[in-house]
Amino acid sequence: MTGQIEADEVTASGLTFDAFFARTFPGMTARALLLCGGCGQDAEDAVQEAYTAAFVRWDRLRHYDAPDAWVYRVVRQRLWAAARDRARTRPAEPDTLRPPAAAAVEQTVEARAVLSAVAALPAKQRTVLVLNCLEGMTQEAIAEELGITRGGVATHVSRARDKLAKALGLRGQRTAGGARRARHEDGDALVPARTFAAVARPVEPADPVTALLRRTELWLRAVAAQSERPAAMLAAVRRAAAARGAHGARGAHGARGAHGARGAHGAGGAHGAGGVHGAREAGGLREADGA
């Protein structure tokens, strides 16, 4: 699934959390934004919670072959829980994200159109579409993770692809399939390239729906990597981890929180110390009012 950090760095006992975070944060945030339909608050909550949980376990996780896979699984679980909650209240609205300075106007227009179309999908359809088309997860694996049937996964993928193709004017183009994961020129889905321009021309998959999702993901990676965003999130993660440590590693607000990994107060959740609102103090993902 994940674009893994190079094995020699991942398994080296001296790998620092800061180095891991810097290399994986833009890709992790991009995938989170796609999973939640561009809702910045949900994405930041999930990403902060996942990295906070990783931070307090870093002595163990840094020896994993792919610690980013562990973090991303927590992100998926958090967003899936948030999607179910919103299904009982109201759907999340996609944020107007601040475009990367290096992105061409047409790239930004396309990415925003894709995000709007993805956000309009029901949560199940959006989730299985991203996991199947971008992650290359099998229908069986998706069914097991989300607790739905394999047939349900197949139906949701088909409907999501049809809706996206219609919304984005892809009718008449070949849109079947798309589960096979596209490869970047940099070969790494979660490790950010040095500049947006360096990843602006991925090796395009033949399937147009997957190609649009892939280009939007690259745009979102650049959004997450720009300005002070990574530093602000890292500081929030450290504050949340410090607050948790004050209550004990497995206390009421410990590794999985009072309500588990997806709980309202768990692992740097929305109300945790240095939570998502604190993380935005130094500059969030969204465009400033009036921009």
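Is Pro122 buried, exposed or partly exposed? The points below take up this residue after the overall picture.

1. Basis of the model. This is a predicted model, in which local features need pLDDT of at least 70 and side-chain atom pairs count only at pLDDT 80 or more, while totals for chains, interfaces and linings use all residues. Residues are numbered from 1 along each chain as its sequence is written, and side-chain values use heavy atoms, with hydrogens and water left out.

2. Overall make-up. The chain contains 12 helices and 0 strands, and its pattern along the sequence reads α-α-α-α-α-α-α-α-α-α-α-α; here helices (H or I, at least four residues) and strands (E, at least two) are DSSP runs, numbered from the N terminus. Of the 291 residues in the chain, 54% are buried, where buried means under 20% relative accessible area, exposed over 50%, and partly exposed in between, with a 1.4 Å probe and protein chains only.

3. Contacts and surface. Among the contacts in the chain with a separation of 6 or more, 77% join residues 24 or more positions apart, a contact being heavy atoms within 4.5 Å. The accessible surface of the chain is about 12700 Å², and carbon and sulfur atoms hold 51% of this area; accessible areas come from the Shrake-Rupley method with a 1.4 Å probe, and for residues only the protein chains shown count as cover.

4. Helices H2 and H10. Helix H2 (residues 17-35) packs against helix H10 (residues 208-225) at an angle of about 125°, with the axes 8 Å apart; axes are lines fitted to C-alpha atoms, for helices over the stretch in contact, and angles run from 0 to 180 degrees between N-to-C directions. H2 and H10 are therefore oblique to each other, since angles under 35 degrees count as roughly parallel, over 145 as roughly antiparallel, 65 to 115 as roughly perpendicular and the rest as oblique. Residues that make the contact include Phe25, Pro26 and Leu33 of H2 and Leu213, Leu220 and Ala224 of H10. By class, the contact of H2 with H10 has 9 nonpolar, 3 polar and 4 charged residues, with Ala, Val, Leu, Ile, Met, Phe, Trp, Tyr, Cys and Pro counted as nonpolar, Asp, Glu, Lys and Arg as charged, and the others, Gly among them, as polar.

5. Helices H8 and H9. The axes of helix H8 (residues 139-146) and helix H9 (residues 150-167) come within 8 Å and cross at roughly 110°, and H8 and H9 are therefore roughly perpendicular to each other. In this contact, Gln139, Glu140, Ile142 and Ala143 of H8 meet Arg150, Val153 and Ala154 of H9, a set of 4 nonpolar, 1 polar and 2 charged residues.

6. Two residues of H9. Gly151 lies in helix H9 and is partly exposed, at 42% relative accessibility; its C-alpha is 8.3 Å from that of Gln139, 12 residues apart in sequence. Leu164 is also found in helix H9, but Leu164 counts as buried at 2% relative accessibility. Leaving aside its neighbours within four places in sequence, Leu164 is in contact with Ala117, Val118, Leu121, Leu129, Val209 and Leu213.

7. Pro122. To return to the opening question, Pro122 is partly exposed, with a relative accessible area of 38%. Pro122 sits in the loop between helix H6 (105-119) and helix H7 (123-134), and its C-alpha is 9.2 Å from that of His156, 34 residues apart in sequence.
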